[in-house]
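Please read the following points beside the sequence and the model. They are set out as a colleague's note, with each point kept to one region.

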Amino acid sequence: MTEPKTPPVAFDTLAVHAGYEPDPIHGAVMPPVVLSTTFAQPTPGQARSFEYSRSGNPTRAALEACLAALEGGRRGFAFASGCAAATTLLHTLAPGDHVVCGDDVYGGTYRIFERVMRPFGLDASFVDLRDKAALEAALRPNTRMVWLESPTNPMLRLADIRALCDVARTRRLPVVVDNTFASPVLQRPLDLGATVVLHSTTKYVNGHSDVVGGALVTSDDELAERIAFFQNAIGAVPSPMDCYLTLRGIRTLPVRMQRHSESATELAARLSRHKGVARVHYPGLATHPQHELCKRQMKSGGGMVTLELAGDLAGSRRFLERLRLFALAESLGGVESLAEHPALMTHASIPRENRLALGIGDSLVRLSIGLEHVDDLWKDLETGLEAL
Ligand SMILES: Cc1ncc(COP(=O)(O)O)c(C=O)c1O
């Protein structure tokens, strides 16, 4: 699949065009969904472009080229979920290897390290990567990878990607950045020195809460070859239809991210003045302890807002049950607004004491700000806060 004819073009233009051009036979402006699982060969053992849809498929290739272009990488890989992307990437390591991972990563990522990979001999330390000295202190002779999220889920803490990559480079360690919360619209980790970008494309990248998917993007050719091998060998690949839908979602990603961010900034400010809210975590607010880093590293604060309500667990339940526009549901990054309780929902797989140490207590609520009118969202939140 091809790049637009006249690169380099602006990011917004790439989002609309990257990965596909009108096909030379019919001129179809949208990519075909190629459902064929297998591809005829002119002579035994000599494939045309594709041979079998687990190893490669035209619709998936269009999505993968687009993802690579958006993250500024050379190779993109699509997976059946963000967890599939993470697990496949970790299979490029070996038993006895060690990974330094941020301590505030998505609960499912923590679970992959602890319950899926650890039994196979992969060791991981979880440290607060807001502090690069913590990374330096956690490095061991057998450390083979650094893994971080920024902003983190759900506390919206930031890691200084460039500073951490500088530390990792002294040891030639690859740095994986889970860019799910920012999307490439707001932050491009490869430009800051990261080796691999990971996405749960389920979230902002697809953006319509109708596809579970994942992605990896890298410019490291050797690692890309290894990822390609494990992508095919493990086989946790997405369907052509899911690739098509994700690519369609991407076409509006810059416009959506702008609106998500504007509304989230406004709501975070209003919430921080409300007596029912003890604390607002939002990197786009001047009161966020890493706001200066946010301004340096991200285009804006993004569409996620995390709140500490001024109440107990029962109050959090009443707040969440009272919301009407915000659906009480896991996940994030869709056109519709969602609210959830990390301790009982997305982060329930993290042991309670670890959760509390991170700040994920009973009064913590995470909001994914959708594309509804900001005043309607505010009215809904106000109604919920009255129930506290
Ligand atoms: C930051 C982050 N990374 C990875 C994942 C895993 O992605 P998926 O649910 O698509 O497997 C999630 C899911 O919520 C996430 O929030």
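1. P154 lies in the loop between β4 and α6, where helices (H or I, at least four residues) and strands (E, at least two) are DSSP runs numbered from the N terminus. The peptide bond between N153 and P154 is cis, with omega about 10 degrees. P151 is found in the loop between β4 and α6 (161-170) as well, and a cis peptide bond joins S150 to P151, here with omega about -10 degrees. Most peptide bonds are trans.

2. On the basis of this note: the model is predicted, so local features need pLDDT of at least 70 and side-chain atom pairs count only at pLDDT 80 or more, whereas totals for chains, interfaces and linings use all residues. Residues are numbered from 1 along each chain as its sequence is written, and side-chain values use heavy atoms, with hydrogens and water left out.

3. Which residues are closest to the ligand? They are C83, D178, S200, T202 and K203, among 13 residues that surround the ligand, a residue being counted if one of its heavy atoms lies within 4 Å. Polar contacts are pairs of N or O atoms within 3.5 Å; within protein, one atom must be able to donate a hydrogen and the other to accept it, and residues adjacent in sequence count only if both atoms are side-chain atoms. For S200 the corresponding distance from a polar side-chain atom to a ligand oxygen is 2.8 Å, and a backbone N or O atom of G82 lies 2.9 Å from an oxygen atom of the ligand. Taken alone, the ligand exposes 390 Å², of which the protein buries 90%; these accessible areas come from the Shrake-Rupley method with a 1.4 Å probe, and for residues only the protein chains shown count as cover.

4. An open sheet of 7 strands has the order β1-β7-β6-β5-β4-β2-β3, with mixed pairing; two strands pair if DSSP finds at least two bridges between them. Its edge strands are β1 (75-79) and β3 (123-127), each of which pairs on one side only. Strands β6 (residues 196-200) and β7 (residues 214-218) run antiparallel and are joined by 5 bridges, and H199 stands opposite A215 in β7.

5. Helix α3 (residues 82-90) lies across β1, β2 (98-102), β4 (143-149), β5 (175-178), β6 and β7, running at about 150 degrees to β6. Axes here are lines fitted to C-alpha atoms, for helices over the stretch in contact (heavy atoms within 4.5 Å), and angles run from 0 to 180 degrees between N-to-C directions. Because 8 of its 9 residues are buried, α3 is largely enclosed by the rest of the structure; buried means under 20% relative accessible area, exposed over 50%, and partly exposed in between, with a 1.4 Å probe and protein chains only. G82 is one of these buried residues. At the start of α3, a side-chain oxygen of S81 reaches to within 3.3 Å of the backbone nitrogen of C83.

6. A further open sheet has 5 strands in the order β8-β9-β12-β11-β10, again with mixed pairing. Strands β8 and β10 (327-328) stand at its edges with a single partner strand each, so one side of each is left without a neighbour in the sheet. Strand β9 (residues 304-309) runs antiparallel to β8 (residues 277-281), with 4 bridges, and antiparallel to β12, with 5 bridges. Because 5 of its 6 residues are buried, β9 is largely enclosed by the rest of the structure.

7. R172, in the loop between α6 and β5, has phi near 55 degrees, a positive value in a residue other than glycine, and counts as exposed at 78% relative accessibility. S183, in helix α7 (residues 183-186), also has a positive phi, about 70 degrees, although it is not a glycine; at 0% relative accessibility, S183 counts as buried.
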